[in-house]
Amino acid sequence: MGETTIAEDLLHYLQQSRDTVLRGLDGLGEYDARRPLTPSGSNVLGLIKHLAGVESGYLGDCAGRPSPVRLPWVEDGSIWDGADMWATAEQSRGHLVGLYREACAHSDRVVAELPLGAPAHVPWWPPHRRDTTLGHLLARVVAETAQHAGHVDVLREGVDGRGGPDHDAFGDAEHWAAYVGRIQAAADEHRG
């Protein structure tokens with residue numbers, strides 16, 4: 001078995017998180033994919049839309065390799081008003097997932113073509129931090145995608161009880177009810 005490069009390892013973990021994010025839509029109706037599920041409005045399809053911009057921006061534009069697919073909410077500046085965090089009624093699930101997949105494919109090509117030490121520039125960061133490297137941005141995208149993959153798992157569990165990919169390997173509904181009961185009992189010991 002050959003050794004992998006750091007770039008290959010980072011892309012491997014990035015792909016795992018990408019897959020988790022997209023799996024959050026499996027079996028989810030249009031309403032539940034779009035509706036705000038937290039006080040700040042988080043929703044599964046919005047997180048996918050957001051991550052399309054993260055990949056396109058950091059691993060495309062900032063690396064000097066703009067994606068051929070332009071994101072309307074970036075182009076018109078509405079991203080700065082949160083337009084990347086939710087799907088408008090006119091934006092189809094298929095369209096947004098397609099944009100995300102295209103952004104991911106472009107990111108993968110950029111990482112394959114450039115060394116991790118390649119210079120990058122992030123114009124929206126503070127001036128003293130704007131100049132960075134592709135490797136730094138790749139690590140950032142891995143971390144942000146993993147964070148949002150966790151959000152998607154929690155949001156999805158709140159909608160229909162469907163846990164993460166290994167949920168069923170740990171036990172059935174009876175197992176989980178008993179487990180959550182033990183957690184609640186421990187918490188109850190600290191009620192004021």
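**Cysteines, a threonine and a helix**

Modeller: Let us begin with C62, which counts as buried because its relative accessibility is 4%, where buried means under 20% relative accessible area, exposed over 50% and partly exposed in between, with a 1.4 Å probe and protein chains only. This is a predicted model, in which local features need pLDDT of at least 70 and side-chain atom pairs count only at pLDDT 80 or more, while totals for chains, interfaces and linings use all residues. Residues are numbered from 1 along each chain as its sequence is written, and side-chain values use heavy atoms, with hydrogens and water left out.

Colleague: How many disulfides does the structure hold?

Modeller: The structure holds zero disulfides, a disulfide being a pair of cysteine sulfur atoms within 2.5 Å. For C62, the nearest cysteine sulfur is that of C104, 16 Å away.

Colleague: And is C104 buried or exposed?

Modeller: C104 is buried, with a relative accessible area of 8%.

Colleague: New topic: where is T145 found?

Modeller: T145 is found in helix 6, residues 134-160, where helices are DSSP runs of H or I with at least four residues, numbered from the N terminus. T145 is buried, at a relative accessible area of 0%, and its side chain reaches the backbone oxygen of V141 at 2.8 Å.

Colleague: What is T145 in contact with, leaving aside neighbours within four places in sequence?

Modeller: Its contacts (heavy atoms within 4.5 Å) include L14, R18, E55 and Y100.

Colleague: Last one, what caps the N-terminal end of helix 8?

Modeller: D172 does, with a side-chain oxygen 3.2 Å from the backbone nitrogen of E174.

Technical notes: Helices (H or I, at least four residues) and strands (E, at least two) are DSSP runs, numbered from the N terminus. A polar contact is a pair of N or O atoms within 3.5 Å; within protein, one must be able to donate a hydrogen and the other to accept it, and residues adjacent in sequence count only if both atoms are side-chain atoms.
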